[in-house]
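Hello,

Please find the structure below. My notes on it follow, starting with the charged contacts.

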Amino acid sequence: WDDERAKQLNINLDNSSELASYKYGHLKWVGYGYMKACMNSKYVIVWESTHRDNSIMFTEKTWIPIFCGTPILFMYKPGALQKFKSHGYKSWPMIFDESYDLIEDNYERLQFILNEIDRIANLPKEEIKKLYKIYFHICIYNRKHLMEHFSNKKYYNNKFKEITNEW
């Protein structure tokens with residue numbers, strides 16, 4: 001486990017029950033295995049569930065890596081990254097080529113993302129560590145943004161109204 005990252009994010013790694021069932025305000029996340037994997041990863045490929053319509057929704061698959069301070073690469077619909085950023089989160093264009101988010105064709109987007117994963121996987125480990133350390137402030141910002149909004153009922157009431165108005 002990345003002790004330095006956990007310390008900066010104020011996560012107690014010595015208390016596995018904290019990770020197994022993290023409570024923040026009225027929310028309770030149970031996902032020890034996924035959280036542990038996120039804490040041990042330099043980035044996470046997020047496979048969100050697809051919907052038959054064009055809506056883009058984020059679940060624990062997105063929020064747990066953000067909580068753990070891990071950069072994410074969306075394996076999702078076109079526009080998902082843009083939607084993520086529209087909620088006030090920052091992305092990692094210096095690590096990932098984010099033009100995949102604009103590719104409409106599912107097969108082309110998948111192929112582009114797989115090529116991007118290969119590119120990153122072939123970087124020297126020291127370069128990946130260097131990039132991660134340089135841009136870790138974005139991880140801290142996103143985690144703080146997440147925690148502020150998860151404890152803000154007014155924010156979520158407004159977002160719920162916004163979502164239901166889109167239907």
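**Salt bridges**

E126 and K129 meet through their side chains in a salt bridge, at 3.9 Å from N to O. The term stands for a side-chain nitrogen of Lys or Arg within 4 Å of a carboxyl oxygen of Asp or Glu. Both residues lie in helix α7, three residues apart, so about one helical turn separates them. E126 is exposed at a relative accessible area of 56%, while K129, at 40%, counts as partly exposed. (Buried means under 20% relative accessible area, exposed over 50%, and partly exposed in between, with a 1.4 Å probe and protein chains only.)

Before the rest, some notes on the model: it is predicted, with local features needing pLDDT of at least 70 and side-chain atom pairs counting only at pLDDT 80 or more, whereas totals for chains, interfaces and linings use all residues. Residues are numbered from 1 along each chain as its sequence is written, and side-chain values use heavy atoms, with hydrogens and water left out. Helices (H or I, at least four residues) and strands (E, at least two) are DSSP runs, numbered from the N terminus.

The structure holds three salt bridges. Another of them joins R119 to E116, with the closest N and O atoms 2.5 Å apart. These two residues also sit three apart in one helix, α6, about one turn of it. An α-helix has 3.6 residues a turn, so residues three or four places apart point the same way. E116 is buried, with a relative accessible area of 6%, whereas R119 is partly exposed at 37%.

The pair K85 and E98 also forms a salt bridge, its closest N and O atoms being 3.8 Å apart. K85 belongs to helix α5 (residues 80-86) and E98 to the loop between α5 and α6 (106-121), so this pair ties together parts that are 13 residues apart in sequence. K85 is partly exposed at 39% relative accessibility, and E98 is buried at 14%.

Helix α5 also contains Q82, which is exposed with a relative accessible area of 54%. Q82 and D101 are 19 residues apart in sequence, and their C-alpha atoms are 7.4 Å apart in space.

**The two sides of α7**

Which residues of α7 are buried? They are I128, L131 and Y132. These residues cover an arc of only 100° around the axis, which puts them on the same side of α7; the arc is that of the directions from the helix axis to the C-beta atoms. On the other side of α7, E126, K130 and K133 are exposed.

**Cavities**

There are two cavities of 30 Å³ or more in the structure. A cavity is a set of points on a 1 Å grid over the protein atoms alone where a 1.4 Å probe fits but cannot get out, and its lining residues have an atom within 4 Å of a point. Grid points are joined across faces, edges and corners, and a volume is the space filled by probe spheres set on the points.

The largest cavity holds about 70 Å³ of space. Its lining consists of K42, Y43, P71, I95, F96, I120, L123, I128, L131 and Y132. Helix α7 (residues 125-134) supplies the largest share of that lining, three residues. By type, the lining has nine nonpolar residues, no polar ones and one charged. Here Ala, Val, Leu, Ile, Met, Phe, Trp, Tyr, Cys and Pro count as nonpolar, Asp, Glu, Lys and Arg as charged, and the others, Gly among them, as polar.

Regards

Terms used. On a 1 Å grid over the protein atoms alone, a cavity is a set of points where a 1.4 Å probe fits but cannot get out, and a pocket is an open set with protein on both sides within 12 Å along at least five of seven lines; lining residues have an atom within 4 Å of a point.
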